[in-house]
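Please look through the sequence and the model shown below. A short report on selected local features follows.

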Amino acid sequence: MSVLLDRLNDEQRQAVTTTEKPLLILAGAGTGKTMVVTSRIAFIVQSGRAEPGEILAVTFTNKAANEMKERAGRLIGQKAVKDLWVSTFHSFGMKILRKYAYQAGYAPDFTLAEYGDQVGLIKQGLNELGLVEDGMSQDPKAILSLISMAKAKNQVPEDLEESSDPWEQRIGGIYRYYQEYLHALNILDFDDLLMLTVRLLQKDEKVRQLLQDKFKYVMVDEFQDTNHIQMELLHALLPKHEPNICVVGDDDQSIYSWRGAEVANILAFPQIFPGGKLIKLEQNYRSNNVILNAANKVISINSQRHVKNLWSAQEGGEKLKVVACGSEEREAKAIADTILNKVNGRQNTYGDCAILYRSNHQSRALEDAMRRGRIPYKIIGDTSFYERKEVRDALAFLKIIHNPRDDFSFLRVLDVPPRGIGPRTIKTLREKAVENKTSVYDLLRNPQFMENFGRSSDALMKFNNRVEEFRQKFQEKVPLAGLVEQYFEGVGYIEGLGRMYKPREDAEKRYQNVLEIIHTIEGREKEDKRCIPLQEYLESVSLMEEYRRRQEKDEDPNAVMLLTVHASKGLEFPSVFVTGMEKNLFPHEKSAGLKALAEERRLFYVALTRAKSDLILTWSKMRKAGRRMSQRMPSQFLGELPKDLVDHCLPQDLLKKLSREEFLEQMKNWKIDN
């Protein structure tokens, strides 16, 4: 027992040994949260307070649950850890519903619905309920999302049907159809795992009492991320008198309100569970005090929070660097140059470095800079820019201009956006091209062959003729960026994005990604002061993609990480770059209002506290917004940093002078893009 407690600091030890009252452990970033949770489990077991099977610990991801169980196993032994109830909220709900399925109104062999089937069921319901003409059929995924949000609030169809809002009433109707259909097939969706478990425990006193008697200790990790239905589940599992619950979290890292998380749950814990205890873990084992003092100052501006002040035993530390760049391409190049400089100067490895951004669309310029610098990188939690469907479609449109006999690209975009051609026609074209050992392009130029397609032939000829018109224009020596934009509009691709992708927010993101291709070409033409031929652009993309694929195949763990700030939560890196620190980008342009701005500030706090020793914040004076280059202003968050902890730098100031050998190594690695 002493070995278990000796490795803990005073606050951690107090958190581990406080076991018989409601307990809120405020665990700041990098304060050893997981070690405290697993040590507390071990303390309870080793002190004889409970058997492993009498302890329930819930968290939010399978990865976190597996790590918790693995660490606990090292402390209490692999045999004992098998009896622990460590899982995600949804996995816990699944276990309970499997055991008490009949009481919940289902058979124990229920299955979980696939997302595609759920969307199809919503479409089917809209048709059968006569709501197609009501305009609702345009966005079945959005309707499914609204049903999910209703379940997260423990709302059944009646709750919406009885609303005074006609729109909610209609949503309630489709919700009823959807739920009754799934129930008839003994199918649950993901949200049912929580809502049905809560409703089972609320109505069945016997089952509720069995579970309350079983779990003497209930623990919740990442408590700041809980939503309404998860709180109801916890209340149902706990006795009204003397509830023994321990929650661990950090309100300053509550960044998922868009998923339904309610920061009020952790803020109001002392009122929800009166008579409990609050313990703050403030000693940070990750970052130096310069970074922590800056983060403390920024987050202190939020008024609705539990006051904390992170500190470290590490002495010293370099000031944060704020770097203004001329454009997003120059911003990306400055970061790439700095990383190469650090690696060749042996300050860091590639794997020590992470580049964080607020939104996924910012990755394009960064990816290009990594590739041009031959810097190994990995995108975490998202698809590479050039692997996104809308980008691949756009590149396919360009490839058939350059090579009309590229059947892979031609068939890919023949019905993009939908133009009345259809998969059956595309299949026939593919088969006939193979059979005649020719290309689809040549088949479409054969009038006799085209007679076989009836109504589809007009759409095929119209598309082919339109592409042919633009093929002639691409022979002219004019700026490529403007011509590509005209071409995408001319073949209906730009306008079609709104029809192809729902909801509107998804279509807008994909539209911005297509515009990024145009912006990339425009930036390269300005840099080179010439009109770039289409062939040259396509070759540069192909070469960079092949380089990326080879990197992925090699699976080199020593690679720079590119990821959103949201995806970075829980991770740490010696050297962190936070990009796009501009007004309307970070904080996001949609963060109007004090509540939304407070969450954006918490997100910035998360970004700051990922860094161990080196933190660089960059912004661009000019950036493409839609189709226009616009002047940018620095983020208000930069102004909230303590002035005495920040150095404002030019990009070249980031570079350390290298020895001759280090300089030659950097030149060898840098790929000149002609």
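Pro417 sits in the loop between helix H21 (407–413) and helix H22 (422–435). Helices here are DSSP runs of H or I with at least four residues, strands are runs of E with at least two, and both are numbered from the N terminus. The model is predicted, so local features need pLDDT of at least 70 and side-chain atom pairs count only at pLDDT 80 or more, while totals for chains, interfaces and linings use all residues. Residues are numbered from 1 along each chain as its sequence is written, and side-chain values use heavy atoms, with hydrogens and water left out. Val416 and Pro417 are joined by a cis peptide bond with omega of about -10°.

A cis peptide bond also joins Phe586 and Pro587, with omega of about 10°. Pro587 belongs to the loop between strand E13 (573–578) and helix H31 (594–608). Pro587 counts as buried because its relative accessibility is 7%; buried means under 20% relative accessible area, exposed means over 50%, and partly exposed is in between (1.4 Å probe, protein chains only). Neighbours within four places in sequence aside, Pro587 is in contact with Glu582, Leu597, Glu600, Ser635, Gln636 and Phe637, where contact means heavy atoms within 4.5 Å. Between Pro587 and Gln362 there are 14 Å from C-alpha to C-alpha, and the two are 225 residues apart in sequence.

## Positive phi at two lysines

Most residues other than glycine have a negative phi, and most peptide bonds are trans. Lys437 has a positive phi, near 50°, and is not a glycine. Lys437 lies in the loop between H22 and helix H23 (440–444), and its relative accessibility of 80% is why it counts as exposed.

Lys529 is not a glycine either, and its phi is positive at about 55°. The loop between helix H28 (504–528) and helix H29 (534–554) holds Lys529. With a relative accessible area of 76%, Lys529 is exposed.

## The annotated site and helix H3

The UniProt annotation "binding site", from an unreviewed entry, covers Ala27, Gly28, Ala29, Gly30, Thr31, Gly32, Lys33 and Thr34. Such positions are given in the numbering used here, feature names are shortened, and annotations may be inferred rather than shown by experiment. Gly28 is in the loop between strand E1 (23–27) and H3, and Gly32 is also found in the loop between E1 and H3. Gly28 counts as buried at 4% relative accessibility, whereas Gly32 counts as partly exposed at 25%. Leaving aside neighbours within four places in sequence, Gly28 is in contact with Asp250, Gln253, Leu281 and Leu310.

Helix H3 (residues 33–46) has 14 residues and spans 20 Å from its first C-alpha to its last, close to the 20 Å expected at 1.5 Å a residue. That expected span is 1.5 Å times one less than the number of residues. Of the 14 residues of H3, 11 are buried, including Lys33, Arg40 and Phe43.

## Salt bridges

The structure holds 46 salt bridges, each a side-chain nitrogen of Lys or Arg within 4 Å of a carboxyl oxygen of Asp or Glu. One of them pairs Glu600 with Arg358, whose closest N and O atoms are 2.8 Å apart. Glu600 is in helix H31 and Arg358 in the loop between strand E10 (353–357) and helix H19 (363–372), so this pair ties together parts that are 242 residues apart in sequence. Glu600 counts as buried at 6% relative accessibility, and Arg358 counts as buried at 15%.

Asp393 and Lys389 form a salt bridge at 2.9 Å, N to O. Asp393 and Lys389 are four residues apart in helix H20 (residues 389–402), so about one helical turn separates them. Asp393 is buried, with a relative accessible area of 1%, while Lys389 is partly exposed at 39%. Glu390 and Arg510 also meet in a salt bridge, at 2.7 Å from N to O. This pair links distant parts of the chain, with Glu390 in helix H20 and Arg510 in helix H28, 120 residues apart.
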